[in-house]
Amino acid sequence: MTLTKKELSVLCSVLNGVNSTASTHTPFSKKYGIEEHINEHLNYKEIDSLHTKLCNQLKGVQNDI
């Protein structure tokens with residue numbers, strides 16, 4: 001699986017928003033919603049593509065859980 005720079009940026013932003021130990025921690029509840037943030041950076045086609053990539057990656061590692 002290869003993620004684009006745009007996809008990685010969105011995922012990092014989401015994780016930073018919920019990771020209290022991240023150096024860039026900005027709680028989504030105080031600034032904006034996760035859905036709005038994702039829609040601001042990715043269009044629907046890009047969101048669908050990212051979702052497919054993540055689901056396929058998850059299928060490949062489910063046995064490790």
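**Exercise 1. The cysteines**

Task: Determine whether Cys12 counts as buried, partly exposed or exposed in this predicted model, and state how many disulfides the structure contains.

Solution. 
Step 1. The relative accessibility of Cys12 is 44%. Partly exposed residues fall between the buried limit of 20% and the exposed limit of 50%, so Cys12 is partly exposed.
Step 2. Cys55 has a relative accessible area of 30% and is therefore also partly exposed.
Step 3. A disulfide is a covalent bond between the sulfur atoms of two cysteines. A search of the whole structure gives zero disulfides.

**Exercise 2. The overall fold**

Task: Describe the secondary structure of the chain and state what share of its residues is buried.

Solution. 
Step 1. The chain has four helices and zero strands. In sequence order, the pattern reads α-α-α-α.
Step 2. Of the 65 residues in the chain, 14% are buried.
Step 3. The accessible surface amounts to about 5,200 Å², and carbon and sulfur atoms contribute 55% of this area.

**Exercise 3. Helix H4**

Task: Compare the span of helix H4 with the expected value, and identify the side chain that reaches a backbone nitrogen at the start of H4.

Solution. 
Step 1. Helix H4 covers residues 44–61, which amounts to 18 residues.
Step 2. From the first C-alpha to the last, H4 reaches 26 Å, close to the 26 Å expected at 1.5 Å a residue.
Step 3. At the start of H4, the side chain in question belongs to Asn43: one of its oxygens comes within 3.0 Å of the backbone nitrogen of Lys45.

**Exercise 4. The salt bridges**

Task: State how many salt bridges the structure holds, and explain which parts of the chain the pair Lys6 and Glu46 ties together.

Solution. 
Step 1. Side chains of opposite charge can pair when their charged atoms come close. The structure holds two salt bridges.
Step 2. One of them joins the side chains of Lys6 and Glu46, with an N to O distance of 3.1 Å. Because Lys6 belongs to helix H1 and Glu46 to helix H4, this pair ties together parts 40 residues apart in sequence.
Step 3. Lys6 is partly exposed, at a relative accessible area of 42%. Glu46 is likewise partly exposed, at 23% relative accessibility.
Step 4. A salt bridge also joins the side chains of Lys53 and Glu7, at 3.0 Å from N to O. Lys53 lies in helix H4 and Glu7 in helix H1, so this pair ties together parts that are 46 residues apart in sequence.

**Exercise 5. The surroundings of Glu7**

Task: Decide whether Glu7 is buried or exposed, and list the residues that Glu7 touches, not counting residues up to four places away in sequence.

Solution. 
Step 1. Glu7 lies in helix H1, which spans residues 5–18.
Step 2. The relative accessible area of Glu7 is 3%. Buried means under 20%, so Glu7 is buried.
Step 3. With residues up to four places away in sequence left out, Glu7 touches Thr2, Leu42, Glu46, Ser49, Leu50 and Lys53.
Step 4. For Ser49, which is 42 residues from Glu7 along the chain, the separation of the two C-alpha atoms is 9.4 Å.
Step 5. A polar atom of the Glu7 side chain lies 2.8 Å from the backbone nitrogen of Thr4. The Glu7 side chain also makes a polar contact of 3.0 Å with the side chain of Lys53.

**Exercise 6. Leu8**

Task: State which helix holds Leu8 and how far apart the C-alpha atoms of Leu8 and Leu50 are.

Solution. 
Step 1. Leu8 lies in helix H1.
Step 2. Leu8 has a relative accessibility of 40% and therefore counts as partly exposed.
Step 3. Leu8 and Leu50 are 42 residues apart along the chain, and their C-alpha atoms are separated by 9.5 Å.

Key:
Residues are numbered from 1 along each chain as its sequence is written. This is a predicted model: local features need pLDDT of at least 70, side-chain atom pairs count only at pLDDT 80 or more; totals for chains, interfaces and linings use all residues. Side-chain values use heavy atoms; hydrogens and water are left out. Helices (H or I, at least four residues) and strands (E, at least two) are DSSP runs, numbered from the N terminus. Buried means under 20% relative accessible area, exposed over 50%, partly exposed in between (1.4 Å probe, protein chains only). Contact means heavy atoms within 4.5 Å. A polar contact is a pair of N or O atoms within 3.5 Å; within protein, one must be able to donate a hydrogen and the other to accept it, and residues adjacent in sequence count only if both atoms are side-chain atoms. The expected span of a helix is 1.5 Å times one less than its number of residues. A disulfide is a pair of cysteine sulfur atoms within 2.5 Å. A salt bridge is a side-chain nitrogen of Lys or Arg within 4 Å of a carboxyl oxygen of Asp or Glu. Accessible areas come from the Shrake-Rupley method with a 1.4 Å probe; for residues, only the protein chains shown count as cover.
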